[in-house]
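Biologist: Could you walk me through this model before I look at it in detail?

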Amino acid sequence: MNFVLLGAPGAGKGTQAELMRERLNLEHLSTGDLLRAEMNAQSELGAKAKSYVESGSLVPDELIISMIKEKLTKIGPDKKGFILDGFPRTVAQAQALDKMLSELGAKLDYVLYFEVSWDVVKERLLGRRVCKNCGAIYHIKNKPPENEGVCDLCGGELYQRKDDTEEVIKNRFEVYEEQTAPVIDFYKTKGLLKTINSNTSAEDTYSQIEALISDRV
Ligand code: AMP
C-alpha cells in the first residue's frame, strides 16, 4: 500500500508516518528528514537547500523531485509499500509524482490529509524536540523524554529544529496555505483524499488511519 501524507507543518505527519512504518512495514520517505541529512553531510544538495529550509521556504521543485525519484527507485522488495511525508508540497511536485509512479508501474492507494488547528500546530512545533542521532520526535510537555535532553531510544542528544521558532513557523504556515493547500484539491479531484482529524493524540489519530485501511490489511 502506498500513501501520501498531507497537512500543515506540525499536523503530525512525521509521527504518524513512523507508526505506519513500524506497524505496516512501509518505507518512510520524509523529504524534510532527507534534506536535513544532506545538510548535516554538507553535500552539494544540502548546501543548495540550507537557506530555504532554515527560512521555512520551499526548496525548488527540481531538486526535490530528483531526490525523491532516486529514493523511490531504491525501495526494497521486503517493504509493503511507501509513505511520502512532506512530498508533494506543490501541484508541480504532485504532477511529477504521477509521472514517476506510472514509469515505475506503481500507484497511490491513499492520500491522507491531516486536518489540524493553528493553535495546536503552534503548540506542537514550539515544544518539539528531535533526536540528533535517530530522529525520534519528543515534545517538552506532551511526550517528554525520561531524562531531559536525552533520547529514550538511543541516548542521542535532543535538539530544537532551527525552523521551529515562532517567526519561521509563521512563514511555513503561510507557505503551506499558498503552495501546498492546492495539492489537497489536486487529490480530491482524483478521489484519493481521506481526511483525518489530527487535533487529537497520536494514538487516536492512528486509530482513524487503522479504521480507514482495515479492509486492506
Ligand atoms: P518538514 O520536515 O517536512 O517540515 O520540512 C522542512 C523543510 O524542508 C520545509 O520547510 C522546506 O524548506 C523543505 N522541504 C521539505 N519537503 C519539501 C518539498 N516537498 N518541497 C520543497 N521543500 C521541502
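Modeller: Three bridges connect strand β5 (residues 128-131) with β6, and the two run antiparallel; strands here are DSSP runs of E with at least two residues, helices are runs of H or I with at least four, both numbered from the N terminus, and two strands pair if DSSP finds at least two bridges between them. This is a predicted model, in which local features need pLDDT of at least 70, side-chain atom pairs count only at pLDDT 80 or more, and totals for chains, interfaces and linings use all residues. Residues are numbered from 1 along each chain as its sequence is written, and side-chain values use heavy atoms, with hydrogens and water left out.

Biologist: What stands opposite valine 130 in β6?

Modeller: That is isoleucine 137.

Biologist: And in what order do the three strands of the open sheet come?

Modeller: The order is β6-β5-β7, with antiparallel pairing, and β6 (137-139) and β7 (158-159) are the edge strands, each pairing on one side only.

Biologist: Switching to helices, at what angle do the axes of α2 and α4 cross?

Modeller: The axes of α2 (residues 31-40) and α4 (residues 61-72), which are lines fitted to C-alpha atoms over the stretch in contact, with angles from 0 to 180 degrees between N-to-C directions, cross at roughly 100° and come within 11 Å. That makes α2 roughly perpendicular to α4, a label for angles of 65 to 115 degrees.

Biologist: Which residues meet there?

Modeller: Thr31, Leu34 and Leu35 in α2 meet Ile64, Met67, Ile68 and Lys71 in α4, where contact means heavy atoms within 4.5 Å.

Methods:
Angles under 35 degrees count as roughly parallel, over 145 as roughly antiparallel, 65 to 115 as roughly perpendicular and the rest as oblique.
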